[in-house]
Amino acid sequence: MATKILTEHVNVPGIETFDVYRKQGGYTAVEKALKTMTPEAVVEEVKKAGVRGRGGAGFPMGMKWSFLAKPEGVPRYLVCNADESEPGTFKDHYLMKNLPHLLIEGMIISSFALGANKSFIYVRGELMYVIRILEKAIAEAKVKGFLGKNILGSGYDLELVVQPGGGAYICGEETALLESLEGKRGNPRNKPPFPAVKGLYQCPTVVNNVESIATTPWIMNNGGDAYAAIGIGRSTGTKLISASGHINKPGVYEIELGIPVEDFLYADEWCGGIRPGHKFKALVAGGSSVPILPANLALKLENGDKRLMTYESLSEGGFKTGTMLGSGGFIVFDETSCIVRNTWNFSRFYHHESCGQCSPCREGTGWMEKVLHRIEYGHGHQRDVDLLVDVASKIEGNTICPLGDAAAWPVASAIRHFRDEFMWHITNPQEATQPGAVYRGEMALV
Amino acid sequence: MNMITEATKLTIQFTPERLERAKQSIADYPEGKQKSALLPLLHILQEQEGWTSPEGMDYVASLLDIEPIEVYEVASFYTMYHLNPVGKHVIEYCRTGPCCLMGGEEVYAHLKQRLGIDTGQTTVDGQFTIKEVECLAACGMGPVFQIREQYYMHLTNDRVDEIIDELSK
């Protein structure tokens, strides 16, 4: 039986209430941390656990915490990034809706470790119903003495505030999120200074993803070493994977990092395989930003070994044959999917969501969308495929935040692995624009 | 400085319950950082008025003691705030990849046909507005649309008809 660190009790009726959550062992980690540990010891356990940022970047959480500046007399802030907007990703939505107290417990432990007395949960505004669930849970925790002044007699005070966003993918970028939390447009900041030095209200700030923060109760209860014992190498612990697309069982699954991609895709415990009568064509393994892979490369490395669900194995082969774990947004495409149409769809997304500060992203995402649109609608030119590669390469690395890279990678990778499909659209526009027409040329379906 | 003018005072004010919520929201932030409550207050405004009208935004600016332009520039950045009047029910459908893989494009075409309007338009009776939005973080349950706070998932043409019938009653 696979270890469940986050979702063990997710099916217990009433788990969204304080009493049921408490009965299942909830808030014991807060008691342990606040009554028996120093903030430094909490940080140490999280470092030992090796848990990496679950929002997509994969940066070690304990290390991020240790960068936090601690000048005298200046407040420090913890901000939870619950602006989940990466296409293909819906795990934080699932976690907050079903287990609000797990996030609150994690927020208390993490805020204590960082010395923050006011912490924020920035939730995308579309999830207003989840915000109400969180606010209700916070009120319960406060009544029970786990939030507010002098928590459990420890002398530690904490207020939790839930802030709704206004609808903007870019606010998932941590400095854009801080701008938004200050009541401004979500334009990412130039770095340095990093939020650890000058973050919210120019004070030292840590921004962590929902799932990252939710690991801390288990780490307190079981120790960082026990967490690090799960998984493979630097991919420690478990990960929530949001599975969508042409599979039998879409949904959110908590896996131990290290299982083969093939098992996750085909085993009944998880995705349950490709929908009946269809074949596996392509995979976006970690949210729309990561490179798309054809079926064969998704399942196996270049040397024939099975590809595993770890940060390292998914990126094995670099961008030539690999991809990234990202946010764990696992989007599966069968042979009925048009890669050109999907790439145009993703490009439209990034064009729509570009904040417009940096010219390469503001203009480049629009150009890519325009060129992809004309290819998809039968007006492509022979030179368009190389033009797209050229534009993508000039966005990548030339913007102040990662949205530029996120917009460039899906286009570059789709062309890298499915160039023939793009060329088929350009050379056979009449055929390609028939309703339901899909490229049936040579490719590795599984 | 209270920038509320006689004109705005007359046109829009929060109901007492909403004003209370707005004040609580302002109190959530440190002294002098009341501008942080801008996004929450714009949500309260839209909940009351149906959209973020210029008069409403001026009123929000007065509550936060900031310039109206600071409200306009923010409201226009985020996609959730309606800068023009909308219908009673605003249907916001997800047009992003995973929902389209699950047949979203057909379902949304049916929705538009059923209501006789295109994206961005409102039915003549003022009942429905359709907006297209990007990923709503419900990709495993696609196709998806949202009406106010409610998510509608696993949409099919028949399900869309049911929802429209229900809301039309």
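How far apart do the C-alpha centres of domain 1 of chain A and domain 3 of chain A lie? They lie 35 Å apart. This is a predicted model, in which local features need pLDDT of at least 70, side-chain atom pairs count only at pLDDT 80 or more, and totals for chains, interfaces and linings use all residues. Residues are numbered from 1 along each chain as its sequence is written, while chains are lettered from A and ligands numbered from 1 in the order in which they are written.

**View 1. Domains of chain A.** Chain A is split into domain 1 (18-228), domain 2 (240-334) and domain 3 (339-432). These bounds come from an automatic or database domain assignment. Domain 1 of chain A and domain 3 of chain A each bring nine residues to their contact. On the domain 1 side, five are nonpolar, three polar and one charged. Nonpolar means Ala, Val, Leu, Ile, Met, Phe, Trp, Tyr, Cys and Pro; charged means Asp, Glu, Lys and Arg; the others, Gly among them, are polar. Residues are in contact if their C-beta atoms, placed from the backbone, lie within 7 Å.

**View 2. Overall form of chain A.** The C-alpha trace spans about 75 × 45 × 40 Å along its principal axes. Chain A holds 20 helices and 11 strands. These are DSSP runs, numbered from the N terminus: helices are H or I with at least four residues, strands E with at least two. Of its 446 residues, 56% count as buried. Among contacts in chain A with a separation of 6 or more, 72% join residues 24 or more positions apart.

**View 3. Chain A against chain B.** Here 46 residues of chain A contact 33 residues of chain B. Elements of chain A that each supply at least two residues include helix 7 (128-143), strand 3 (159-164) and helix 8 (174-181). Helix 16 of chain A gives the largest share, six residues. The chain A side has 17 nonpolar, 22 polar and seven charged residues.

View 4. Chain B has domain 1 (6-75) and domain 2 (89-168), with C-alpha centres 29 Å apart. Leu38(B) sits in helix 3 (residues 38-49) of chain B. Leu38(B) counts as buried because it has 26 C-beta neighbours inside 10 Å. The cut-off for buried is 20 or more other C-beta atoms within 10 Å, with C-beta atoms placed from the backbone. Beyond neighbours within four places in sequence, Leu38(B) contacts Gly183(A), Leu64(B), Val71(B) and Val74(B). Cys135(B) is 97 residues from Leu38(B) along the chain, and their C-alpha atoms are separated by 24 Å.

Conventions. Two residues are in contact if their C-beta atoms, placed from the backbone, lie within 7 Å. A residue is buried if 20 or more other C-beta atoms lie within 10 Å of its own, exposed if 12 or fewer, and partly exposed in between; C-beta atoms are placed from the backbone.
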